[in-house]
Amino acid sequence: MINVLFVCLGNICRSPMAEAIFRDLVKKEGLEQQIRVDSAGTGDWHIGAQPHEGTRNILKKYHIPADGMKARQINVNDFQEFKYIVAMDASNVQNIKKLNSDQSDTRVMMLLDLVEEATDKNVPDPYFTGNFEEVYELVKKGCEQLLKELRQAHNI
Ligand code: 4NP
């Protein structure tokens, strides 16, 4: 099983959006038995909360299931469990790396590093910008590229 964890700050806007979009792509390509998807936040403010209304609305608009999602905080065990930790921005990466004191072979990356045409590699935070549509378009491109690269890397 290839385990992929999307991470943002609050785990209510960007990373749950990425989790839902990526899971939908994985399902559409028939790879549910090979790829497991989750998301978490570096912060603890929203633990147990459902995704932000803006994220729920945009996922509904594009017919992407998002039932039963609840925010959680990333923890050290995630470095054992997840081979790929995919962050939304550079501050997430810094916070993730602070947590990881062991020598796990987890790959920590930024989603938009995979999107060549993205000039800014940070996914803007819609909690502050209010622009969930922009985030959807960026995250979708990143997720499509991530799946393509995982399929190549793992021969699936
Ligand atoms: P997210 O957005 O990291 O994309 O989930 C945020 C959600 C909540 C807060 C910040 C960012 N907050 O400060 O509570």
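Reader: Quick one first. What does Lys141 count as, by relative accessibility?

Author: Partly exposed, at 38% relative accessibility. Buried means under 20% relative accessible area, exposed over 50%, and partly exposed in between, with a 1.4 Å probe and protein chains only. Before we go on: this is a predicted model, where local features need pLDDT of at least 70, side-chain atom pairs count only at pLDDT 80 or more, and totals for chains, interfaces and linings use all residues. Residues are numbered from 1 along each chain as its sequence is written, and side-chain values use heavy atoms, with hydrogens and water left out.

Reader: Fine. Which residue forms a salt bridge with Lys141?

Author: Glu117, with the closest N and O atoms 3.9 Å apart. A salt bridge here is a side-chain nitrogen of Lys or Arg within 4 Å of a carboxyl oxygen of Asp or Glu.

Reader: Is Glu117 buried or exposed?

Author: Exposed, at 54% relative accessibility.

Reader: How many salt bridges does the structure hold?

Author: It holds 12. Some share partners: Arg14, Asp89 and Asp125 are joined into one network that way.

Reader: What about Asp24 and Lys28?

Author: Their side chains meet in a salt bridge, 2.7 Å from N to O. The two are 4 residues apart in helix 1 (residues 14–28), which means about one helical turn between them. Asp24 is buried at 12% relative accessible area, whereas Lys28 is exposed at 63%.

Reader: Next, which residue does Arg72 form a salt bridge with?

Author: Asp38, with the closest N and O atoms 3.0 Å apart. Arg72 lies in the loop between helix 2 (53–61) and helix 3 (78–81), and Asp38 in strand 2 (residues 35–41), so the pair ties together parts that are 34 residues apart in sequence. Arg72 is partly exposed, at 23% relative accessible area. Asp38 is buried, at 18%.

Reader: How many bridges join strand 1 to strand 2?

Author: 7, and the two strands run parallel. Strand 1 covers residues 2–8. One example is Val7, whose bridge partner in strand 2 is Ala40.

Reader: Now the ligand. Which residues are around it?

Author: Cys8, Leu9, Gly10, Asn11, Ile12, Cys13, Arg14, His46, Asp125, Tyr127 and Phe128. A residue is listed if one of its heavy atoms lies within 4 Å of the molecule.

Reader: How far is a ligand oxygen atom from a polar backbone atom of Ile12?

Author: 3.0 Å. For Asn11, a ligand oxygen atom is 3.3 Å from a polar backbone atom.

Reader: And the side chain of Asp125?

Author: An N or O atom there is 2.9 Å from a ligand oxygen atom. Asp125 also belongs to the salt-bridge network with Arg14 and Asp89.

Note on methods
Pairing = 2+ DSSP bridges. Polar contact = N/O pair within 3.5 Å; in protein donor to acceptor, adjacent residues only side chain to side chain.
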